[in-house]
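Here is a short tour for anyone meeting this structure for the first time. Have a look at the model, then read on.

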Amino acid sequence: MASAVKIAKRDIIWRDEHINAFLAVASRELGDALVMALWTGQRQGTLISVAWQQYDGTCIRLEPNKQRRRKRKKRLVIPVGGLLKELLDARRPEKAEGPILRNSYGEPWTSDGFRSSWAKRSIGPTLVTTICIFTICAVAA
């Protein structure tokens, strides 16, 4: 009997073709979230809470939500360039307040809403399956 291959999340790497496929089918709001995640390396909880006030045109200053207990909170200064800078500068509202990432109604994302939208509307089972198959093949090779 063959055993199932276990893959750590850190070993799942999105290649350019995965990113392009995602952006081709995702809503603008989820595409923005992907670009921000790729450029900042932050988790969902941190991403959906980043506010316009934390972006000064060159950097995003933030405190990640998930940190080790009993440790001094880390503050990050993340330089912004390339595609993320273009996206943020183009989307910056006249009255830049509140979270940067918003749902299709223009409201701030909730964790459950974001997770649900990501799973249902954006990538669907086909792309997720494709990414898993590429990853399994890469690990097995």
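## The overall layout

A quick word on terms: helices (H or I, at least four residues) and strands (E, at least two) are DSSP runs, numbered from the N terminus. With that in hand, the elements of the protein chain run α-α-α-β-β-α-α-α when you start at the N terminus. That gives six helices and two strands. Keep in mind that this is a predicted model.

The protein chain has 141 residues, and 31% of them count as buried. Now take the contacts in the chain with a separation of 6 or more: 58% of them come from residues 24 or more positions apart.

Helix α1 covers residues 16-25, and its buried residues are H18, I19 and F22. Look down the axis of α1 and these buried residues fall within an arc of 95°, so they line one face of the helix. Turned away from that buried side is a face with the exposed residues D16, N20 and A24.

What does α1 pack against? One partner is α2: the two helices pack at an angle of about 155°, with their axes 9 Å apart. Since angles over 145 degrees count as roughly antiparallel, α1 and α2 are therefore roughly antiparallel to each other. On the α1 side the contact is made by I19, F22 and L23, and on the α2 side by L30, G31, L34 and L38.

## Where α2 meets α4

Helix α2 (residues 28-40) also meets helix α4 (residues 82-91): their axes come within 9 Å and cross at roughly 135°. That angle makes α2 oblique to α4. As for handedness, α2 passes α4 in a left-handed crossing. From α2, the residues making the contact are R28, D32, V35, M36, W39 and T40, while α4 brings in G82, L83, L84, L87 and R91.

Is D32 buried or exposed? Its relative accessibility is 8%, so D32 counts as buried. Setting aside neighbours within four places in sequence, D32 is in contact with L87, R91 and L101.

## The two sides of α4

Now for α4 itself, where L84, L87 and L88 are buried. These three cover an arc of only 95° around the axis, which puts them on the same side of α4. On the face turned away from the buried side you'll find the exposed residues E86 and A90.

What covers the buried residues of α4? The cover includes α2 and also β1 (59-62).

Helix α3 spans residues 44-47, and T46 is found in it. At 3% relative accessibility, which is under the 20% limit, T46 counts as buried. T46 and E63 are 17 residues apart along the chain, and their C-alpha atoms are separated by 7.9 Å.

## Aromatic pairs

Last stop: the rings. A pair of aromatic rings is described by the distance of the centres and the angle of the planes. How many aromatic pairs turn up in a search of the whole structure? The search finds two. One of them is formed by W109 and F114, at 5.2 Å centre to centre and with 90° between the planes, an edge-to-face arrangement. Both W109 and F114 are buried.

Notes
Residues are numbered from 1 along each chain as its sequence is written. This is a predicted model: local features need pLDDT of at least 70, side-chain atom pairs count only at pLDDT 80 or more; totals for chains, interfaces and linings use all residues. Side-chain values use heavy atoms; hydrogens and water are left out. Rings of Phe, Tyr and Trp (its six-membered ring) pair if their centres lie within 6.5 Å; planes under 30 degrees apart count as stacked, over 60 as edge-to-face and the rest as tilted. Buried means under 20% relative accessible area, exposed over 50%, partly exposed in between (1.4 Å probe, protein chains only). The arc is that of the directions from the helix axis to the C-beta atoms. Axes are lines fitted to C-alpha atoms, for helices over the stretch in contact, and angles run from 0 to 180 degrees between N-to-C directions. Angles under 35 degrees count as roughly parallel, over 145 as roughly antiparallel, 65 to 115 as roughly perpendicular and the rest as oblique. A crossing is left-handed if the near helix is turned anticlockwise from the far one by less than a right angle, and right-handed if clockwise. Contact means heavy atoms within 4.5 Å.
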